[in-house]
Amino acid sequence: LTALPVSAAEADIARGKTAIACHNESAALTPAMALDGKSSTRFAAGGGCAHDTWYILDLGDNFDLSKVRINWEAAHPSAYVLEVSKDGQTYTELKTVTDAPAGWVETPVSGTGRFLRIREVTRALAPYGFSMWDLEVYGTAAAERNDGAYYSVAVGDGKYGTLKLSH
């Protein structure tokens, strides 16, 4: 048997990147835990976001996205929207997912951006926020670069802001 190399289009471009969320249940269940490549760790929003739970991933540059894979815990959104942004402020819908089960959900997408937002629509388990074991994103580097310094800031009550530093 010969192992074939994984092409750049098949590489998980989210692994080890930066993410923020409206809330995390505890210091051990931070947004980064869904990006560490370990299915034994997870991110959990808890109930602190009321019913407007969101999670934002900064890919570090613009990518032409092709697929998003999420390994949801039992407390997950049964319906959610995947959105993309080049500037962290203006988002465009990639796909609305409905009737999502717990476990792995693979969603083909088509869009370009640096930021991927997951926005909850409906919870599978009403009193709980959403929780995911893994988040994987696939795509290729976009022709339009966007690797400037951005800093995302969560400011409470489900609000956030993004600051870009330029020189």
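**A working discussion of the model**

Modeller: Arg114 is buried, because its relative accessibility is 4%. Please bear in mind that the model is predicted.

Colleague: Which side chain does Arg114 meet in a salt bridge?

Modeller: The side chain of Asp58 does so, with N and O 2.7 Å apart. The two residues come from distant parts of the chain, Asp58 from strand E3 and Arg114 from strand E6, 56 residues apart.

Colleague: Is Asp58 buried or exposed?

Modeller: Asp58 is buried, because its relative accessibility is 12% and the cut-off for buried is under 20%. A polar atom of its side chain also lies 2.8 Å from the backbone nitrogen of Gly60.

Colleague: How many salt bridges does the structure hold?

Modeller: There are 10 salt bridges. One of them joins the side chains of Arg117 and Glu83, at 2.6 Å from N to O. This pair also links distant parts of the chain, with Arg117 in strand E6 and Glu83 in strand E4, 34 residues apart. Arg117 is buried at a relative accessible area of 14%, and Glu83 is buried at 7%.

Colleague: What about Lys86?

Modeller: Lys86 pairs with Glu144, the closest N and O atoms being 3.0 Å apart.

Colleague: Which residues are linked in a network of salt bridges?

Modeller: Lys67, Arg69, Glu106 and Glu136 are linked in this way.

Colleague: Turning to the overall fold, how many helices and strands does the protein have?

Modeller: It has 0 helices and 9 strands. Of its 167 residues, 46% are buried.

Colleague: And the largest nonpolar core: which members touch the most others?

Modeller: Tyr55, Leu65, Ile118, Met132 and Leu135 do, within a core of 30 residues. Strands E1, E3, E4, E5, E6 and E7 each supply at least two residues to this core, and E3 gives the most, with 8 residues. A second, separate core has 7 residues, among them Ile20, Cys22, Cys49 and Trp54.

Colleague: One last point: what is the phi of Asp99?

Modeller: It is near 55 degrees, a positive value in a residue other than glycine. Most residues other than glycine have a negative phi. Asp99 lies in the loop between E5 and E6 and is exposed, because its relative accessibility is 72%.

Key:
Residues are numbered from 1 along each chain as its sequence is written. This is a predicted model: local features need pLDDT of at least 70, side-chain atom pairs count only at pLDDT 80 or more; totals for chains, interfaces and linings use all residues. Side-chain values use heavy atoms; hydrogens and water are left out. Buried means under 20% relative accessible area, exposed over 50%, partly exposed in between (1.4 Å probe, protein chains only). A polar contact is a pair of N or O atoms within 3.5 Å; within protein, one must be able to donate a hydrogen and the other to accept it, and residues adjacent in sequence count only if both atoms are side-chain atoms. Helices (H or I, at least four residues) and strands (E, at least two) are DSSP runs, numbered from the N terminus. A nonpolar core is a set of buried Ala, Val, Leu, Ile, Met, Phe, Trp, Tyr and Cys residues joined through side-chain atoms within 4.5 Å. A salt bridge is a side-chain nitrogen of Lys or Arg within 4 Å of a carboxyl oxygen of Asp or Glu.
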